[in-house]
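Please look over the sequence and the structure shown here before reading on. The report that follows takes up a few topics in turn.

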Amino acid sequence: MNDTGTRFRPPGPPEAAPGEGPALLVVVGAPDPSLLGRRLPLGGGAVLGRDAGCDLVLALDDVSRRHARVAPCDGGHEVEDLGSTNGTFVGRERVARRTLRPGDLVAVGSALLKYLGPGDPESAYHELMARLARQDALTGLANRAAFDEALARAWGRGERRPAPLALLLLDVDHFKRVNDGHGHAAGDAVLRDLAALLRAQLRPDALLARVGGEELALLLPDAGLAEARALGERCRAAVAGHPFGFEGRPLPVTISAGAAAREEADCGPAALLARADARLYEAKRGGRDQVRG
């Protein structure tokens, strides 16, 4: 320490911890803001493209279905174009195959990705930005962008290797009455409490997201319709029996839910979500505090 209390450090930049954390591709530019910050840890090979079965899905109309591949090479990685329509670029150069160096910018259609080597200190920044971009600030749950991305990924895995997939949409019954009768602070308290309560009902691989004001979505990999319906009923019962309240005042809360599963029809993720949404509204019209599916 010097006389001001500042710790002395030898001149030069702080030392990074080499080798900690995997190499990454990070989306740093794209016309679709929901893609920004998306990270792809690079272990084995990874395919980039528009197809839902790709390891990094870039749903842009100038990206080919299977556009490029990144694979391990001599302790690092190389990028290979897969015969795409618009080509793969490293910097300004169109490449068929190229070894990547840390900091390289890779253009795949109108998406721009940055290659970060193992242990790059910049990866911590991108990890934080990605988490904030995909997290609901009020509840700490995943947000709509994170849910849509996870649903597309799970659907794509099922196309490569047949696997069950189910989801639930859940909505707080008469939530407007809570906000109008007790204030928005009470509504916020209910949503935070609800998120914590529902998390406790879930297995580790399930994803719970806030996808609207008082609407939550639950993605269940390797689950069928019967399992989704049963989980929805457990969640409904847990909420109905929970003592919600705000500033000492009790607030009765119930939820309605709609379940859907891939086994019903091989229709695509958007149609699966629409089916669950239709069943949620059936539950609402049927009297609320119930599960349909």
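How exposed is Leu-105, in terms of relative accessible area? Leu-105 is partly exposed, because its relative accessible area is 35%, where buried means under 20%, exposed means over 50%, and partly exposed lies in between, with a 1.4 Å probe and protein chains only. This is a predicted model, in which local features need pLDDT of at least 70 and side-chain atom pairs count only at pLDDT 80 or more, while totals for chains, interfaces and linings use all residues. Residues are numbered from 1 along each chain as its sequence is written, and side-chain values use heavy atoms, with hydrogens and water left out.

Leu-105 lies in strand S10 (residues 105-108), strands being DSSP runs of E with at least two residues and helices runs of H or I with at least four, numbered from the N terminus. Together with Val-28 and Leu-112, Leu-105 makes a nonpolar surface patch of about 190 Å².

## The sheet

S10 belongs to an open sheet of six strands, ordered S2-S1-S11-S10-S7-S8 and paired in antiparallel fashion; two strands pair if DSSP finds at least two bridges between them. Strand S2 (39-42) and strand S8 (93-95) are the edge strands, each pairing on one side only.

Within this sheet, strand S1 (residues 23-29) and strand S11 (residues 111-116) run antiparallel and are joined by five bridges, and Val-26 stands opposite Lys-114 in S11.

## Salt bridges

Across the whole structure, a search finds 19 salt bridges, each defined as a side-chain nitrogen of Lys or Arg within 4 Å of a carboxyl oxygen of Asp or Glu. One of them joins the side chains of Glu-149 and Arg-153 (3.0 Å, N to O), which both lie in helix H2 (residues 144-160), four residues apart, or about one turn of the helix. Glu-149 is buried at a relative accessible area of 15%, whereas Arg-153 is partly exposed at 35%.

Another salt bridge brings together the side chains of Arg-203 and Glu-227 (2.6 Å, N to O). This pair links distant parts of the chain, 24 residues apart, with Arg-203 in the loop between H4 and strand S13 (207-210) and Glu-227 in helix H5 (residues 225-240). Arg-203 is partly exposed, with a relative accessible area of 26%, and Glu-227 also counts as partly exposed, at 38% relative accessibility.

Conventions:
Patch = residues over 30% accessible without salt bridge, like charges linked within 9 Å, V, L, I, M, F, W, Y side chains within 5 Å. Areas by Shrake-Rupley, 256 points an atom, 1.4 Å probe, with all protein chains shown as cover.
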